[in-house]
Amino acid sequence: MTTQPIHFYQVGSFAVGNRLLDDDGRTVQSDPNRTNSLDSGHRACQGCGEALGARYAIDAAMRASQGRLVAVNATGCLEVFSTPYPETSWRIPWLHSLFGNAPAVATGVAAALKVKGRSDVRVVAQAGDGGTVDIGFGCLSGMFERNDDVLFICYDNEAYMNTGVQRSGATPPAARTATTEAIGSEAGNAFGQGKDLPRIAMAHDIPYVATATVADLHDLEDKVERAMQVHGARYLHILVPCPLGWGSASSDTIRVARLAKETGLFPVFEAVDGKVTGVSPIRHRTPVEEYLSIQGRYAHLFGKHPRTDIIARIQAMADRNITTYGLLAEEPADIDPKGVDV
Amino acid sequence: MERPFAITLDVGSSHANRTGSWRVERPVYVDRLPPCNDACPAGEDIQGWLYQSEPGDYEAAWRLLVEDNPFPAVMGRICYHPCETSCNRVQLDEAVGINAVERFLGDHAIERGWSLPAAGPDSGKRVLVVGAGPAGLSATYHLKRLGHSVSLVDSAPKLGGMMRYGIPAYRLPRAVLDAEIARIVAQGVDVVLDHTVDDIRRERDEGGFDAVFLAVGAQLGRRVDIPAGDSSRILDAVSLLHRVADDDPPMLGRRVVVYGGGDTALDAARTARRLGATDAVIVYRRNRDRMPAHGEELEEALDEGITMRWLSTVNSFEDDRLVLEKMRLDDEGFPQPTGEFEDLGADSLILALGQDTDLSLIDEAPNVVVDDGVVEVLPTMMTGESGIFAGGDAVPSPRTATVAIGHGKRAARSIDAYISGEEPDQPGRHELASFDRLNTWYFSDAPRTKRPELERARRQSTFDEVVEGLNEENALFEARRCLSCGNCFECDNCFGVCPDNAVIKLGPSERYKFDYDFCKGCGICATECPCGAIDMIPERI
């Protein structure tokens with residue numbers, strides 16, 4: 001899957017680029033001529049994970065499609081902060097219709113291109129978690145079911161951030177939102193199964209499903225690249241921390257995403273034809289406290305009367321993910337002392 | 001203009017929206033002082049030359065290194081590398097093998113025959129350097145580069161000082177030393193050997209020198225009175241090492257006892273072993289924790305079968321029987337006699353109790369102040385007498401070759417300022433690049449490359465070099481373990497992680513700059529910078 005051999009470069013394969021790597025080993029983002037699909041001047045908050053994730057993903061899709069790409073956007077933060085009339089931050093053909101119909105609009109765009117014989121132009125649809133798991137879910141399931149030739153990307157920041165941080169079907173248990181307040185004995189969002197959309201997508205047996213975070217750019221870009229190599233309905237679910245809604249420092253956006261993966265709370269994997277084919281192993285296993293305690297939305301679990309019982313339940317969720325997906329590498333990474341090119 | 005239905009404004013780019021105005025903190029690129037550079041007594045830019053080594057540009061690396069220190073191959077063997085002790089990577093896995101890479105670069109340069117930068121344009125000024133050890137040679141090199149003529153005087157028949165007459169060949173092969181000294185001499189140095197300076201003022205005035213650098217070292221082995229019979233063989237470690245270097249080793253016998261606990265004691269014991277001693281015992285009055293010798297020297301000595309008698313002093317030496325008194329450490333850690341004695345058979349006793357400096361040459365220079373047997377100097381290395389500078393073992397210092405080389409450099413710069421009538425430059429130091437500023441997530445785990453050691457059996461009997469060097473492949477590996485603390489190494493992280501595309505990549509070796517028109521000051525770049533080269537500073541609003 002997406003692992004790379006570890007070279008004894010200062011930064012192995014973890015940093016965005018490296019002067020010691022040849023071009024193949026560098027990310028799209030390290031290229032001074034990257035598309036910058038989502039341009040400067042957008043009105044996302046400081047440290048916005050979604051703005052970052054969208055540029056990462058769409059720039060990679062632009063490279064994979066040789067710049068022939070149309071993006072359809074659902075309503076949400078990404079749409080609002082990038083296109084206040086009459087400005088736009090998008091440097092690619094970009095369409096917005098409604099909150100719930102992005103998958104259907106994308107299906108239409110793909111169909112229109114097919115009719116016009118433009119098989120070279122590819123279609124991407126993008127939405128936040130609300131537009132994906134709640135409001136747009138019916139259209140999305142239909143798009144999967146018909147196996148329309150669209151890559152659907154969900155930028156998951158785990159609530160409706162644009163309208164003031166209301167709970168969505170992707171909000172995790174115990175998280176405080178405007179509609180799941182931190183009061184009462186079961187403060188924050190209720191425990192439940194939530195909507196695990198990557199697994200729902202897999203249940204449609206579509207050709208490609210993957211998860212990623214903004215903390216591992218190499219992995220994210222590899223997955224976009226792979227998704228663009230196949231036709232049919234594809235689904236990419238990217239965790240994008242929201243400093244505003246999560247109550248984390250704007251400078252910690254990537255750190256929070258990294259901890260989500262390293263704790264096991266957000267399993268990073270990919271699946272082909274409905275079967276998991278690879279996972280990104282945890283590099284430094286971390287207890288969930290470290291992830292939770294730097295976010296204001298979990299502040300009620302800490303302080304004078306820490307809710308160790310709730311933290312333990314969240315830890316159990318992480319542990320279950322680790323077992324389910326096999327997130328602990330059995331063998332230490334294969335160290336190749338000849339990983340230097342003399 | 002024709003507009004589509006219901007559209008009243010042209011589409012515009014969000015570039016019109018200068019989001020930089022939201023900022024309350026601004027990121028700035030900084031260069032911090034890496035702890036290795038901070039710790040280097042010779043003032044090398046270690047992080048800088050490792051950076052040059054990483055893509056395999058060894059010549060650029062070597063050239064940067066010799067800006068500060070003309071002895072990479074020597075240093076790569078005998079330096080006690082305080083750089084590695086302070087290396088931030090220790091807190092991650094193990095220190096970067098800086099010393100090994102330095103040696104590789106030094107050896108590589110000798111192999112390729114690279115020469116030092118040519119002497120600077122002639123200033124017409126003349127400097128007398130007394131003593132051709134590490135301090136004197138280093139000063140000579142830097143003075144030549146500054147364009148001054150140098151007369152380098154030494155009482156020994158060869159150049160090198162303690163590097164030749166104090167450090168055994170198994171640690172520093174003479175071919176390596178000769179090669180690095182020859183490069184300095186090739187800059188056009190007037191070398192006077194076998195000449196002892198006995199009056200520094202007269203020598204300076206008769207020669208018409210504009211300044212003098214005293215680097216006479218500490219050549220006199222300290223002795224203590226030990227009741228001994230006529231036939232008992234006692235000599236000092238300095239003389240022993242000197243005679244071995246002169247190819248005139250004394251007869252020591254089978255059982256050799258060395259008295260002392262410094263590096264010289266270990267050198268003497270290991271040398272005795274190579275001269276045929278079956279028992280080489282070191283007697284030291286304190287314990288291992290309080291031993292001044294460097295740990296890895298001790299390890300190597302123990303490996304070679306040297307034995308230690310801790311907490312013991314030599315009481316007397318009669319015929320071939322040495323009487324030792326057992327000691328105990330008092331609450332302050334000082335050794336106190338216990339009144340308990342024991343015998344130890346010995347054919348000879350070597351005293352390694354420290355060294356003194358022969359300062360008779362300044363008897364006629366009363367302004368040069370001597371305190372506790374060494375010359376007092378200002379931070380510029382100038383003594384109490386204007387125009388006379390001093391450095392190396394002859395001034396208060398930890399007495400290592402690296403410190404001496406650093407003294408030579410500093411003295412050369414001060415001498416240059418002195419003879420051109422300027423104030424010496426006091427370059428500012430950057431703030432330290434501490435470990436907590438690094439984001440170590442981005443560094444792959446990479447254990448350190450061990451330098452191979454000669455088979456034990458072989459090194460007990462010969463003066464062949466004990467520690468072998470790295471080959472190119474593992475030297476490169478080692479260089480790339482450097483975390484580049486506090487200095488950008490162009491990993492593109494800031495350029496990649498900015499949600500506002502407010503970092504501009506300026507191209508290879510040009511680094512990056514911030515686009516403050518759009519930077520919102522979120523600080524992700526600073527948090528995700530692997531080497532801590534970005535500071536967030538409050539914006540003036």
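This is a predicted model: local features need pLDDT of at least 70, side-chain atom pairs count only at pLDDT 80 or more; totals for chains, interfaces and linings use all residues.
Biologist: Start with helices. At what angle do α3(B) and α6(B) pack?

Modeller: Look at the angle and the spacing of the axes. Helix α3 covers residues 58-66 of chain B, and helix α6 covers residues 98-112 of chain B. They pack at about 105°, with their axes 10 Å apart. Angles of 65 to 115 degrees count as roughly perpendicular, so α3(B) is roughly perpendicular to α6(B).

Biologist: Which residues in α3(B) and α6(B) meet?

Modeller: From α3(B) come Tyr58(B), Ala61(B), Trp62(B) and Leu65(B). They meet Glu102(B), Leu105(B), His108(B) and Ala109(B) in α6(B). By class, this contact has six nonpolar residues, one polar and one charged.

Biologist: Now the chains. How many residues does the contact take from chain A and from chain B?

Modeller: Count each side separately. Chain A puts in 44 residues, and chain B puts in 52 residues. On the side of chain A that touches chain B, the elements giving two or more residues are α1 (49-64), β2 (87-88) and α9 (253-263). Of these, α9(A) gives the most, with four residues.

Biologist: What is the make-up of that side of chain A by class?

Modeller: Sort the residues by class. There are 19 nonpolar, 18 polar and seven charged residues on the side of chain A that touches chain B.

Biologist: In what sense do β2(A) and β1(B) pair, parallel or antiparallel?

Modeller: Check the sense, then the bridges. Strand β1 spans residues 12-13 of chain B, and β2(A) pairs with it in the parallel sense over two bridges.

Biologist: Which residue in β1(B) is the bridge partner of Glu87(A)?

Modeller: The partner is Gly12(B).

Note on methods: Residues are numbered from 1 along each chain as its sequence is written. Chains are lettered from A and ligands numbered from 1 in the order in which they are written. Axes are lines fitted to C-alpha atoms, for helices over the stretch in contact, and angles run from 0 to 180 degrees between N-to-C directions. Angles under 35 degrees count as roughly parallel, over 145 as roughly antiparallel, 65 to 115 as roughly perpendicular and the rest as oblique. Two residues are in contact if their C-beta atoms, placed from the backbone, lie within 7 Å. Ala, Val, Leu, Ile, Met, Phe, Trp, Tyr, Cys and Pro count as nonpolar, Asp, Glu, Lys and Arg as charged, and the others, Gly among them, as polar. Two strands pair if DSSP finds at least two bridges between them.
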